[in-house]
Amino acid sequence: MAHQAHAYHMVDPSPWPLTGAIAALLMTSGLAVWFHFHSTTLMILGTILLLLTMFQWWRDVVREGTFQGHHTPPVQKGLRYGMILFITSEVFFFLGFFWAFYHSSLAPTPELGGCWPPTGITTLDPFEVPLLNTAVLLASGVTVTWAHHSIMEGERKQAIQSLALTIALGFYFTFLQAMEYYEAPFTIADGVYGSTFFVATGFHGLHVIIGSMFLAVCLLRQIHFHFTSEHHFGFEAAAWYWHFVDVVWLFLYISIYWWGS
Amino acid sequence: MNRHIFEIQKVALRSFSSSVRRQLDNKVPQKQKLFQVKNDGIPIHLKGGTADALLYRTTMALTILGTGYVVYELVKAAFPKK
C-alpha cells in the first residue's frame with residue numbers, strides 16, 4: 001500500500017479550475033454582449049457556472065480538510081499564507097480607488113468650482129447613518145472576536161450565538177447602506193464626486209456581502225461540528241476577511257464621508 | 001386519568017426532543033469514514049455519491065454548452081451583418 005513520505009497535500013485531479021475559468025470567460029464576454037447586443041443570457045450562464053464552481057470547489061476543500069484530514073500543520077500554514085496574500089491583494093485593489101478619490105479631491109479642478117465637495121453636491125451628513133454604520137461594523141468586529149474565543153474554549157452555544165450576531169450586524173450594515181444609496185441626493189453620474197463615492201463604497205458593500213456569506217458558511221460548519229478548539233482555520237480566514245472589510249470602511253468613513261464632506 | 005395524560009405528554013416530548021437532537025448530532029465521524037475509503041480511485045469531487053455525479057455532470061454540460069455559445073457569439077460579433 002503506497003503512503004506519502006511527507007506532510008503535504010497532493011490534491012486529486014479536479015474539474016473546478018476549468019469550469020471556473022470558463023465561467024470567467026462567459027461572464028466577461030457576456031458583459032460585452034450585454035453592452036452591445038442587449039442580451040443577458042451569456043452573462044447569466046457564466047454567473048450560474050461561477051456559483052456552481054464555487055460551491056463544489058469549497059465543498060471539496062471541506063471534505064479534504066475536515067473529513068480526510070489532509071490539513072496538517074504545514075498545509076494549514078500554506079493556507080494561512082494564501083489567505084494573507086489574497087487579503088493583501090484586496091488592499092491594493094482598494095488603494096487604487098482611494099488614490100482616485102484623493103487625486104480628485106486634493107486638487108479640485110475649475111470645472112468642479114475649485115472646491116471639494118464640488119459645487120452643487122449635497123453630501124451625506126457623516127454623523128447620521130454613516131456613523132451608525134461605523135458603530136455596527138465595529139460591534140461586529142467585537143462579536144466575531146467573541147465567536148473566536150468561544151470556539152477556542154469549546155463553548156459551542158456561545159460560538160453559534162456570537163457568530164449569528166456577527167452575521168446579523170453585517171446584514172444590518174448592508175440594509176442601512178442600501179437605504180442610504182436609495183435616499184442619496186446625488187448619483188454615480190454626478191461627476192467625479194459621484195464616481196469616486198459610489199465605486200469605492202459600492203465595492204466595499206460587495207465585500208461586506210461576500211464576508212457575510214463566508215461567515216454564514218462558517219456558522220453552518222460550526223453547527224455541524226466541523227470546528228475543533230484547536231483547528232478551525234476556515235473560521236479564522238473568515239474573521240481576518242471580516243476585520244479587513246471593517247478597516248476598509250474606517251478608511252472610507254474618515255476620507256470620503258468625513259474629510260470629504 | 002391525569003397520570004395517563006402526563007405519561008402521554010412525556011412520551012410525546014421524548015420523541016420530539018430526540019428527533020431534534022438527532023438532527024444536531026455530530027455526523028463528522030460518519031463523514032470521515034465515508035471519505036476515507038481508500039483505494040477506490042474515486043476523486044474527492046465524486047466521492048460523496050450520486051448527488052456529486054449529477055451536480056458534476058450538470059456543471060460540465062453547462063461548461064461545454066457555454067463554451068460553444070460564447071465562441072458562436074464572438075464569431076457573430078466579429079463579422080457584423082450590414
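Does K76(B) count as buried, partly exposed or exposed? In this predicted model, K76(B) counts as partly exposed because its relative accessibility is 43%, and that class lies between 20% and 50%. K76(B) forms a salt bridge with E73(B). The closest N and O atoms of the two are 3.9 Å apart.

Both residues sit in helix 3 of chain B. They are three residues apart, about one turn of the helix. E73(B) is buried, with a relative accessible area of 7%.

**The contact between chains A and B**

Chain A brings 34 residues to the contact, and chain B brings 29. Together the chains bury about 2,700 Å². Carbon and sulfur atoms account for 72% of that area.

Nine residue pairs are in polar contact between chain B and chain A, counting pairs with both residues at pLDDT 80 or more. On the chain B side, helix 2 (28–35) and helix 3 (50–78) each supply at least two of the residues that touch chain A. Helix 3 of chain B gives the most, with 14 residues. By class, this side of chain B has 14 nonpolar, 10 polar and five charged residues.

**Salt bridges across the interface**

Side chains of opposite charge can pair when their charged atoms come close. Over all chains, the structure holds seven salt bridges. Two salt bridges run between chain B and chain A. One pairs the side chains of R59(A) and D52(B), at 3.3 Å from N to O.

R59(A) belongs to helix 2 (residues 41–67) of chain A, and D52(B) to helix 3 of chain B. Both R59(A) and D52(B) are buried.

**Helix 3 and helix 7 of chain A**

Within chain A, the side chains of R80(A) and E236(A) meet in a salt bridge at 3.0 Å, N to O. This pair links distant parts of the chain. R80(A) is in helix 3 of chain A, E236(A) is in helix 7 (residues 233–259), and 156 residues separate them. R80(A) is partly exposed, with a relative accessible area of 24%. E236(A) is buried, at 13%.

Q76(A) also lies in helix 3 (residues 73–106) of chain A. Q76(A) is buried, with a relative accessible area of 13%. Beyond its neighbours within four places in sequence, Q76(A) is in contact with H231(A) and F233(A). The H231(A) contact includes a polar one, side chain to side chain, at 3.2 Å. T174(A), by comparison, is 98 residues from Q76(A) in sequence and 32 Å away, C-alpha to C-alpha.

**T196(A) in helix 6**

T196(A) is in helix 6 (residues 191–223) of chain A. T196(A) counts as buried because its relative accessibility is 9%, under the 20% cut-off. A polar atom of its side chain lies 2.8 Å from the backbone oxygen of V192(A). The backbone oxygen of Y193(A) is 3.1 Å from a polar atom of the T196(A) side chain.

Leaving aside neighbours within four places in sequence, T196(A) is in contact with A100(A), F101(A), W116(A) and I256(A).

**Annotated transmembrane regions**

An unreviewed UniProt entry places the feature "transmembrane region" at residues 16–35, 41–58, 79–102, 159–177, 197–220 and 240–260 of chain A. In the model, residues 16–35 of chain A are 100% helix, and the end C-alpha atoms lie 28 Å apart. Residues 41–58 of chain A are also 100% helix, with end C-alpha atoms 26 Å apart.

Note on methods:
Residues are numbered from 1 along each chain as its sequence is written. Chains are lettered from A and ligands numbered from 1 in the order in which they are written. This is a predicted model: local features need pLDDT of at least 70, side-chain atom pairs count only at pLDDT 80 or more; totals for chains, interfaces and linings use all residues. Side-chain values use heavy atoms; hydrogens and water are left out. Contact means heavy atoms within 4.5 Å. Buried area is the accessible area (1.4 Å probe) that two parts lose on being put together, summed over both. A salt bridge is a side-chain nitrogen of Lys or Arg within 4 Å of a carboxyl oxygen of Asp or Glu. A polar contact is a pair of N or O atoms within 3.5 Å; within protein, one must be able to donate a hydrogen and the other to accept it, and residues adjacent in sequence count only if both atoms are side-chain atoms. Helices (H or I, at least four residues) and strands (E, at least two) are DSSP runs, numbered from the N terminus. Ala, Val, Leu, Ile, Met, Phe, Trp, Tyr, Cys and Pro count as nonpolar, Asp, Glu, Lys and Arg as charged, and the others, Gly among them, as polar. UniProt positions are given in the numbering used here, feature names are shortened, and annotations may be inferred rather than shown by experiment. Buried means under 20% relative accessible area, exposed over 50%, partly exposed in between (1.4 Å probe, protein chains only).
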